Amino acid sequence: MTFYVENEVDAKFDFDIEELAIMVADKVLESEGCDHDVEIGLTITDDDGIKELNSQFRDIDKPTDVLSFPNVSYETAGDFSVFESDQKVDLINPDTGKIMFGDIVINEKRVREQAIEYGHSERREFAFLVAHSMLHLCGYDHMESDEAAVMEKKQEEVLSSLGITRD
């Protein structure tokens, strides 16, 4: 896996952003059984940056905590057989030969606010947002309550397996 990190706002946390993101993303891919070599982009931005993207791509004119931009269309969430189909040609980065999996955009301000709101560390909140977004990149969604329950369970399993808890 290759992770490209762009820290637009020069956010500083008491953890290494890239190291934590890679650790969580690796665990999600492992738990989902994805052994393909993928590229993922991660951008750290602020309220204005994420609000602009949210407005442009979701027609929601307000900031949010995280946005996910999957590059893969799945018939079934977590079914990576799509990488063996004709669609794979469109997913390969010709410069690296890796699958362009998608992009994650995290709002620095919301990481800090939600950590306080939920009573856990910024590290835990950041890891949660990466896990959540990675599951979106794997085709999961949470528009319906049953879908949300699946995502919540998977997020908690990943974070627990890494020892990233709410305390």
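1. The model is predicted. In it, the loop between β1 (2–7) and α1 contains D10. The phi of D10 is positive, near 50°, although the residue is not glycine. With a relative accessible area of 52%, D10 is exposed, since the cut-off for that class is over 50%.

2. A second residue other than glycine with a positive phi is D59, where the value is near 55°. D59 lies in the loop between α2 (47–58) and β3 (66–70). Its relative accessible area is 71%, and D59 is therefore classed as exposed.

3. Helix α5 spans residues 122–137, 16 residues in total, and reaches 22 Å from its first C-alpha to its last, close to the 22 Å expected at 1.5 Å a residue. Of these 16 residues, 14 are buried, so that α5 is mostly covered. G139 follows α5 and has a positive phi, near 100°.

4. Helix α1 (residues 17–32) packs against α5 at an angle of about 40°, and the two axes are 9 Å apart. The angle makes α1 oblique to α5. The crossing of the two helices is right-handed.

5. Which residues of α1 and α5 meet? On the α1 side they are I17, L20, A21, M23, V24, A25, V28, L29 and E32, and on the α5 side R123, F126, A127, V130, A131, M134 and L135. By class, this contact has 14 nonpolar and 2 charged residues, with no polar ones.

Conventions:
Residues numbered from 1 in each chain as written. Predicted model: local features only at pLDDT ≥ 70, side-chain atom pairs only at ≥ 80, totals over all residues. Heavy atoms only, no water. Helix = DSSP H or I, 4+ residues; strand = E, 2+ residues; numbered from the N terminus. Expected span 1.5 Å × (residues − 1). Buried < 20%, exposed > 50% of the residue type's maximum accessible area, 1.4 Å probe, protein only. Axes fitted to C-alpha atoms, helices over the stretch in contact; angles between N-to-C directions. Parallel < 35°, antiparallel > 145°, perpendicular 65-115°, else oblique. Left-handed = near helix turned anticlockwise from the far one by under 90°. Contact = heavy atoms within 4.5 Å. Nonpolar A, V, L, I, M, F, W, Y, C, P; charged D, E, K, R; others polar.
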